[in-house]
Amino acid sequence: MGTKTADETGAGTGAEVTTDDEKVSVTKNADDASETGAATGAADGKDADLAAANASTTANAQNAVDAADDEDDEDLADDADLAAELAEAEGPSGVGQGAGAVVSVVLGLVSLTGGWIGTVAAARETLVGQLQTSSTASVAKQVKEVYGDAWATTALWAGFFALAALLTAVVVLARPAFGTPGKPQAPWIKSVAWAGVALGVIGLLLAVLKYSDALLGLPSTS
């Protein structure tokens with residue numbers, strides 16, 4: 001009976017020891033699981049924080065890009081406004097003045113070489129002289145009516161073209177005085193305009209001399 005009691009006691013003690021070991025093992029497993037869960041939670045928290053940081057960085061970068069685009073648009077608008085202001089400050093580009101200078105030269109050349117309107121007017125004057133002059137008129141009268149008046153008409157039209165060339169060139173040269181202060185006229189415009197002045201003066205002088213018969217007058221019929 002004593003032995004059985006001892007065996008039973010030993011068995012009971014062994015059972016109790018085994019139970020304590022199991023408790024310790026369960027406790028360790030629980031602690032490990034808790035630490036693992038805590039580590040996993042910390043890792044998840046770090047991932048969440050990193051994702052939030054990345055999202056914030058992306059948002060900041062996008063905002064910076066948008067701000068840069070807005071600044072570029074504002075710069076372009078400012079540049080356009082500045083260009084418009086400069087164009088207004090510079091005033092006319094000189095295209096009209098250049099065209100006027102060229103026109104003055106052309107008119108001067110027409111006054112020297114003749115134009116179709118002067119030719120037609122001279123021919124008409126010749127026809128009128130032939131119709132109005134009888135065959136019994138003196139030679140001097142016939143020459144004057146048929147030729148002299150026609151030549152005078154040609155000289156008159158040449159003088160009109162020369163005067164137009166001169167006035168146009170003078171207007172072109174005087175235009176900068178009534179434009180934007182301090183804006184110089186292009187050198188080529190001045191050169192062409194002065195050429196128009198020279199041709200106009202020469203054409204006008206020749207027209208006056210021919211109209212007054214001081215140059216290439218009518219031949220003597222005596």
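**View 1. The contacts of Lys-210.** Lys-210 touches Trp-151, Ala-155, Leu-215 and Leu-216, leaving aside residues up to four places away in sequence; contact here means heavy atoms within 4.5 Å. This is a predicted model, in which local features need pLDDT of at least 70 and side-chain atom pairs count only at pLDDT 80 or more, while totals for chains, interfaces and linings use all residues. Residues are numbered from 1 along each chain as its sequence is written, and side-chain values use heavy atoms, with hydrogens and water left out. Lys-210 sits in helix H5 (residues 187–211); helices are DSSP runs of H or I with at least four residues, numbered from the N terminus. Lys-210 counts as buried because its relative accessibility is 14% (buried is under 20% relative accessible area, exposed over 50%, partly exposed in between, with a 1.4 Å probe and protein chains only).

**View 2. Ile-202, also in helix H5.** With 44% relative accessibility, Ile-202 counts as partly exposed. Look for Leu-109 too: 93 residues separate Ile-202 from Leu-109 in sequence, and their C-alpha atoms are 10.0 Å apart in space.

**View 3. The two faces of helix H3.** Gly-118, Ala-121, Ala-122 and Gly-129 are the buried residues of H3. They fall within an arc of 100 degrees seen down the helix axis, so they line one face of H3; the arc is that of the directions from the helix axis to the C-beta atoms. Helix H4 (139–174) is among what covers these buried residues. On the face turned away from the buried side, you will find the exposed residues Trp-116, Thr-119, Arg-124 and Leu-131.
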